Amino acid sequence: MGREPAGPDGGTITFYEEVGGRETFVRLVDVFYDGVAGDEVMRPMYPEADLGPAKERLRMFLEQYWGGPTAYSEQRGHPRLRMRHASFKVNPDARDRWLAHMRVAVDSLGLPPAQHGLLWGYLERAAHSLLNTFDD
């Protein structure tokens, strides 16, 4: 097995750094929420008139998950994804719409296949884990 690439401080490069850091995650979240803004099923799940706060929360969560800054936990505590989404009806249609918008966002990054697959695989598993009803 090969060695992990070294970062500027001599430590291992995180996925966050490998894919371009904050700029990449800002782009990912911006493209995702551009799709959500026009989606009649998804948009009502975001009660704030401005999607800006939701964008910031998702960006901070993803940055932290992938080895970037820990602002999410510092500001909001443990992620508790299932608990935080329990009040929303996440049925197969909502999950599939979320995945469709996220797929466009991930594809827009132009990541190399290995990084693309790793990011997409995580997001796909996360979306399936949040399914909480089969009711329409």
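Student: Why does A126 count as buried?
Tutor: Buried means under 20% relative accessible area, exposed means over 50%, and partly exposed lies in between (1.4 Å probe, protein chains only). A126 has 13% relative accessibility, so it counts as buried. This is a predicted model, where local features need pLDDT of at least 70, side-chain atom pairs count only at pLDDT 80 or more, and totals for chains, interfaces and linings use all residues. Residues are numbered from 1 along each chain as its sequence is written, and side-chain values use heavy atoms, with hydrogens and water left out.

Student: Where is A126, and how far is it from L99?
Tutor: A126 is in helix α7, residues 113-129. Helices are DSSP runs (H or I, at least four residues), strands are E runs of at least two, and numbering starts at the N terminus.

Student: R59 is an arginine. Why is it classed as buried?
Tutor: The value decides. R59 has 9% relative accessibility, under the 20% limit, so R59 counts as buried. R59 sits in helix α3, residues 52-65. Leaving out residues up to four places away in sequence, R59 touches R22, F25, V26 and V29. Contact means heavy atoms within 4.5 Å.

Student: How do you know that F32 and Y33 are edge-to-face?
Tutor: Rings of Phe, Tyr and Trp (its six-membered ring) pair if their centres lie within 6.5 Å; planes under 30 degrees apart are stacked, over 60 edge-to-face, the rest tilted. By this rule there are ten aromatic pairs. F32 and Y33 are one of them: 4.9 Å centre to centre, with 80° between the planes. That angle is over 60, so the pair is edge-to-face. Both residues are buried.

Student: Which residues do ring pairs link into a cluster?
Tutor: F15, F61, Y65, W66, Y72 and Y122.

Student: What makes R103 sit over the ring of W120?
Tutor: The test asks for NZ of Lys or CZ of Arg within 6 Å of the ring centre and within 35 degrees of the ring normal. The charged end of R103 is 4.6 Å from the centre of the W120 ring, and R103 is counted as sitting over it.

Student: How are packed helices such as α2 and α6 described?
Tutor: By the angle and the distance between the axes. The axes of α2 (residues 22-37) and α6 (residues 92-108) come within 8 Å and cross at roughly 145°. Axes are lines fitted to C-alpha atoms, for helices over the stretch in contact, and angles run from 0 to 180 degrees between N-to-C directions.

Student: Which residues meet there?
Tutor: L28, V31, F32, G35 and V36 in α2 meet W98, H101, M102, V104, A105, V106 and S108 in α6. They divide into nine nonpolar, three polar and no charged. Here Ala, Val, Leu, Ile, Met, Phe, Trp, Tyr, Cys and Pro count as nonpolar, Asp, Glu, Lys and Arg as charged, and the others, Gly among them, as polar.

Student: Why is D107 called partly exposed?
Tutor: D107 has 42% relative accessibility, between the cut-offs, so D107 counts as partly exposed. D107 is in α6.
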